[in-house]
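The sequence and the structure come first, and the description follows.

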Amino acid sequence: RRIGKNPSPARQLGSQSHTSAASRGCSQDNEFTRKVLNQTLRNITREALAPLWARHDITTARIAEALGVSRQALSAKAKTLGLPSRDKVRRCMSDADLFARMWNAGVSCAEMGEYFGYGHRSCVATRRRNLGLAPRTRGTATGKHSGWIETITLAEFFEQELAAKMKDEAKKRRGVTA
C-alpha cells in the first residue's frame, strides 16, 4: 500500500474492490464535496472577490468561510484571477505623519502598535526604520538601569496634540479680533 499523493492504480481506475462499504460512502461524500467546491470556485468572479481580497482587516480564512471554500482554494482562485498576493501588498497601517509625531513625542511602542493595529510592538520599530526616524535611546532617566528615555502614554500624546491645536486656534482668534 502506497502512502502519499499518488493514488493506487485501483483508485485511478475507479475500482473500490479493496475498500469497505463505510469508506465507499466516505469516498462518495468527498466526491460530492469536491464537486460542490469546484462549482463554488467557478462562480467566484474577479469583480466579486477583488473588494474582499483588498480588505486586510478581514482574514483570508474568514473570506473563505463566507464563500464556502477552503483558505487554500481561495488563495489559488485569487492567483488564477490575477489578484496580488496579500503578503506582498500589505496596506500601510499608519499615517506616516501621525506615526512620526507619535514616535518623536515618545509614545510607547506597545501603545503605538495597538493603536495602529500592528500584530506586535516590534512592527513599530520596523515602521520607524522604514520612515527613517531616529531610534530612541536608553538611559537611567526612568530611575532604572535601563529603559526608554521619556516615554509617554497615548492619552498624554493626544492631550499634547489637543493643547497645541487649542493654542493655535487661540492665536488665530486673537489675531482676527486684534
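Two residues are in contact when heavy atoms of theirs lie within 4.5 Å. With that cut-off, what covers the buried residues of helix α7 includes α6 (96-105) and α8 (122-131). The model described here is predicted.

**Overall picture**

The chain has 9 helices and 0 strands. Of its 178 residues, 21% are buried. Among contacts between residues at least 6 apart in sequence, 56% join residues at least 24 apart. The chain exposes about 13300 Å², of which carbon and sulfur atoms supply 53%.

**Confidence**

The mean pLDDT of the chain is 75, and 66% of the residues reach 70 or more. Among the elements, α1 (residues 9-12) has the lowest mean pLDDT, 41, whereas α6 has the highest, 91. Over residues 6-25 pLDDT stays under 50, and the model has 9 contacts beyond four places in sequence for them. Where pLDDT is low, the predicted coordinates should not be read in detail.

Helix α7 spans residues 109-116, and its buried residues are Cys109, Met112, Gly113 and Phe116. These residues lie on the same side of α7, because they cover an arc of only 100° around the axis. An α-helix has 3.6 residues a turn, so residues three or four places apart point the same way. Just after α7, glycine 117 takes a positive phi of about 85°.

The largest nonpolar core has 15 residues, and those with the most contacts inside it include Met112 and Phe116 as well as Phe99, Trp103 and Val124. Two or more residues of this core come from each of α6, α7 and α9 (154-177). Helix α6 gives the most, with 5 residues. Leaving aside residues up to four places away in sequence, methionine 112 touches Phe99, Met102, Trp103, Val107, Val124 and Arg136. A second, separate core of 11 residues includes Leu49, Ile58, Ala64 and Val69. In soluble globular proteins, nonpolar side chains tend to be buried together.

**Aromatic pairs**

The chain holds 4 aromatic pairs. In one of them, the rings of tyrosine 115 and phenylalanine 116 have planes at 80°, so the pair is edge-to-face. Tyrosine 115 also pairs with phenylalanine 158, and this pair is tilted. The latter pair links distant parts of the chain, since tyrosine 115 belongs to helix α7 and phenylalanine 158 to helix α9, 43 residues apart. Ring pairs join Phe99, Tyr115, Phe116, Phe157 and Phe158 into a cluster.

| Residue | Relative accessible area | Class |
|---|---|---|
| Tyrosine 115 | 39% | partly exposed |
| Phenylalanine 116 | 9% | buried |
| Phenylalanine 158 | 33% | partly exposed |

**A buried loop residue**

Isoleucine 44 lies in the loop between α2 (21-43) and α3 (46-54). Is isoleucine 44 buried or exposed? Its relative accessible area is 8%, and isoleucine 44 is therefore buried, the cut-off for burial being under 20%. Not counting residues up to four places away in sequence, isoleucine 44 touches Leu49, Leu67, Lys77 and Leu81. Isoleucine 44 and leucine 74 are 30 residues apart in sequence, with 9.3 Å between their C-alpha atoms.

Key:
Residues are numbered from 1 along each chain as its sequence is written. Side-chain values use heavy atoms; hydrogens and water are left out. Helices (H or I, at least four residues) and strands (E, at least two) are DSSP runs, numbered from the N terminus. Buried means under 20% relative accessible area, exposed over 50%, partly exposed in between (1.4 Å probe, protein chains only). Accessible areas come from the Shrake-Rupley method with a 1.4 Å probe; for residues, only the protein chains shown count as cover. The arc is that of the directions from the helix axis to the C-beta atoms. A nonpolar core is a set of buried Ala, Val, Leu, Ile, Met, Phe, Trp, Tyr and Cys residues joined through side-chain atoms within 4.5 Å. pLDDT is the predictor's confidence in each residue, from 0 to 100. Rings of Phe, Tyr and Trp (its six-membered ring) pair if their centres lie within 6.5 Å; planes under 30 degrees apart count as stacked, over 60 as edge-to-face and the rest as tilted.
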